[in-house]
Amino acid sequence: GIVAANSAISAWLALANKYNENNNVVVNVIGEWSLDEGIVHETLTLVKIWEIPLIILCENNFYSQTTVHKNHLPYPSISKAMRDFYNIEVEKIENGTDLIHLQNRLQHIVDYVRRTRKPVFVEVNTYRFCGHSVNDEEQLYRDKELNKKWKERDPLILLKKQILAKNKKDKEKISSIECEIINNFKKLEKETFKNLGIDIKEAENLKNSQLSSRINDIIKDLE
């Protein structure tokens, strides 16, 4: 698919809400890499000129696949640039890994859009701990100190601390949920490798003549 192609679609959905005069709010979620795409800037221009009630939420994890922000965007601050370029209302959420804080800020933004029926650009600073793909395990482009800093702000670890700070009695309940999640992942992993093994075995047992026959069938269907 095309990066950020959902932007234009979300704008038209939000425009429909405006015409229907309902209380719905559309949220278009993009990554900072999407800011290289023309469709995003066309959408921002349109929603501002027509005052379309759309929230454009940009997840900024500082790396577009393996390229650091400063090497592909010609401005140091995304939110400031969007405000300056499009004269649009902007919100920046620095600690996007604090889920409670994030929920409260986003609720405030949704309420604002419902009340004013105007667009808002939201930049949420977050972080991708793992590689972008299976070929990106080493992550040589990463700043090790930055990795360490963000891992201390892991959203799940932070949320657990926040819950226990309010009520230590929830510790057993959280442990139970964690065990259930781990067991479900192990079960899923086991089933996945089992099915993969069956598929590989069937492929290995497939005779060359059968394979040629199936390829010919595909070609005939395409003709």
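The following legends describe close-up views of a predicted model.

In this predicted model, local features need pLDDT of at least 70, side-chain atom pairs count only at pLDDT 80 or more, and totals for chains, interfaces and linings use all residues. Residues are numbered from 1 along each chain as its sequence is written, and side-chain values use heavy atoms, with hydrogens and water left out.

**Figure 1. Overview of the protein chain, with eight helices and six strands.** Helices (H or I, at least four residues) and strands (E, at least two) are DSSP runs, numbered from the N terminus. Read from the N terminus, the order of elements is α-β-α-β-β-β-α-β-α-β-α-α-α-α. The C-alpha trace spans about 65 × 60 × 40 Å along its principal axes. The radius of gyration of the protein chain is 23 Å, whereas a compact globule of 223 residues would have one near 17 Å; this radius is taken over C-alpha atoms, and the globule rule is 2.2 Å times the number of residues to the power 0.38. Of the 223 residues, 31% count as buried, where buried means under 20% relative accessible area, exposed over 50%, and partly exposed in between (1.4 Å probe, protein chains only).

**Figure 2. The open sheet of four strands, in the order β1-β2-β6-β5.** The pairing in this sheet is parallel; two strands pair if DSSP finds at least two bridges between them. Strands β1 and β5 (89-93) stand at the edges with a single partner strand each, so one side of each is left without a neighbour in the sheet. On average, neighbouring strands of the sheet are turned by 20° against each other, direction ignored. Helix α2 packs on the sheet and touches β1, β2 and β6, its direction making about 145° with that of β2. Contact means heavy atoms within 4.5 Å; axes are lines fitted to C-alpha atoms, for helices over the stretch in contact, and angles run from 0 to 180 degrees between N-to-C directions.

**Figure 3. Strand β2 and its partners β1 and β6.** Six of the seven residues of β2 (residues 54-60) are buried, so this strand is largely enclosed by the rest of the structure. Six parallel bridges join β2 to β1 (residues 26-31). Among the bridge partners across this pair are Asn28 with Ile56 and Ile30 with Cys58. Strand β2 also pairs in the parallel sense with β6 (residues 120-125), over six bridges, and here Ile55 stands opposite Val120. Together, β1, helix α2 (residues 38-49) and β2 make a right-handed β-α-β unit; right-handed means that, with the strands pointing away from the viewer, the path from the first strand over the helix to the second runs clockwise.

**Figure 4. Trp50 in the loop between α2 and β2.** Trp50 counts as partly exposed, at 40% relative accessibility. Leaving aside residues up to four places away in sequence, Trp50 touches Trp12, Leu15 and Lys18. The C-alpha atoms of Trp50 and Asn6 are separated by 18 Å, and these residues are 44 apart along the chain.

Figure 5. Most residues other than glycine have a negative phi.
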